[in-house]
Amino acid sequence: MNSEIVESFSQMVREKGIDKDILTGIVEDVFSMMVRKKYGQDAKFDVVVNMDKGDIEIFYERQVVETVEDPITQIDVQTAHEVTGEDLGVGEDCVEVIPLSAFGRRLVVSAKQNLNQRIKEIERENIYNEYSNTIGDIVVGEIYQIRRNEILINHNRNELLLPKSEQILKERYKKGDTIRAVVKEVRKNVGNPVVIVSRADPKFLLKLFELEIPEIYDGIIEIKRIAREPGERAKVAVESHDDRIDAVGACVGMKGVRIHTIVRELNNENIDVINYTDDPMIFIQRALGPAKLKSIELHEETKTANVLVAADQVSLAIGRNGQNIRLAAKLVGYEINLVKEGGEDEYDIELDSFKDELGEVLVAAMLAAGLETAKDVINAKLDALLAIEGLTEERIREIREMMKQDLEEAEVEDDEEEEEEEEEEEEEEKENAAVPAEGPTDVVVDPPPAVPAEGPTEAAVEPPPAEPPEQSQDGPSKE
């Protein structure tokens, strides 16, 4: 029976990764508890566990006396002889080997439950320690369950959790897929620790750069800052510690092979790699690329920057849905205010348009204070806004951010509409130029490039005979 017990413990060591010495100590503690429950707290005993030989022995020690006063610690001469088969004298120690069967079924079941509980506690501690030491590292696991707000991943027989907030929104996952993510957090729980992994965290992007770019892994190139909107776009500022190595070129790789590997892993997330600098003006200029800036005015106290751009560069600086300017602001750590060249920005929004967001009462109070448009609120002094009932500094900051974003999006949409209108006007001009003033309204088809004499050339649609087109050596010309 002893060997079977030890064999089951050895199996735990192999399967659950529990240290043999720790498990031996647990077994000794559990059997010590059994002895104390049966013989009392004052009993003197030794529990010897030999995992290699498969032995568990319990030695119960009592002193031989003529008259027993404490049966837990004393034994008479005759009983000692019956127990050990030896002739022991008064004052000697009687050591009795206790078989497991002597403890009874109830104590054995209790010991088993206690042992399982202790082993589970060790498993939890091992899992917590294992993943706590790997926070910020990439793990590769297999998706085994997809829920509405989370995905469960199997990694080395442990369960990892990928919440909805840590997923790349446009990605689609399937059961059985292999997935990579970065260990973000380990939380202690009633049961096993909860290991949170992420694909949306900037650390995941950083670790991908380390995996794909040896110069970053070796420390020759350092990633200084990352700003990211997962699945959409990211900006990465890098710096080379070796003048002979171009940081941006090394990250992009020959024909973009290095950066494309990372982009594919992130579901085609656009990544801008720029050179880092301690000069905030140059850094802002690089971060707002590909837009070309006219001038930058910095305010170190408030960490704001007023950036002057040409009218045709506004949409580039703002980016789609304000993405470019938001990421640039996160990257450089400054609040960036765009100013269009040629005077005050022509884009503005009436306060009445914000009734759904702010409520009619607050809009009415702002109008009463002389604020009529979004720009009035953005440019108003803080004290004037705090005087309006219902406004706090935090609320004012939120309202200004919301209005700035709406203005940026409105400006981009207006620029896009202007571009579409210009394109439509150009198309109409081409069509009108192609149609003759009199006669049939057939549009002349543009001729193909000149073809060598060996083969026939494509012909344009011929106009009416009354007005033959002029011919050139290369072929028919347009009207």
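## A salt-bridge network

Salt bridges link E171, R180, R199 and E265 into a network. The model is predicted. In total, the structure holds 25 salt bridges. Side chains of opposite charge can pair when their charged atoms come close.

## A three-stranded sheet

Three strands form an open sheet in the order β10-β11-β12, and their pairing is mixed. Strands β10 (221-229) and β12 (270-275) stand at the edges. Each has a single partner strand, so one side of each lacks a neighbour in the sheet. From one strand to the next, the twist averages 20°.

Strands β11 (residues 233-240) and β12 run parallel, joined by six bridges.

## Charged pairs

K224 forms a salt bridge with E239; their closest N and O atoms are 3.8 Å apart. K224 sits in strand β10 and E239 in strand β11, 15 residues apart. K224 is partly exposed, at 32% relative accessible area. E239 is partly exposed too, at 26%.

E335 pairs with K404 in a salt bridge, with the closest N and O atoms 2.1 Å apart. E335 lies in strand β15 (residues 335-340) and K404 in helix α16 (residues 393-434), so the pair ties together parts 69 residues apart in sequence. Is K404 buried or exposed? At 18% relative accessibility, K404 counts as buried, because buried means under 20%. E335, at 31%, counts as partly exposed.

Note on methods. Residues numbered from 1 in each chain as written. Predicted model: local features only at pLDDT ≥ 70, side-chain atom pairs only at ≥ 80, totals over all residues. Heavy atoms only, no water. Pairing = 2+ DSSP bridges. Helix = DSSP H or I, 4+ residues; strand = E, 2+ residues; numbered from the N terminus. Axes fitted to C-alpha atoms, helices over the stretch in contact; angles between N-to-C directions. Salt bridge = Lys/Arg side-chain N within 4 Å of Asp/Glu carboxyl O. Buried < 20%, exposed > 50% of the residue type's maximum accessible area, 1.4 Å probe, protein only.
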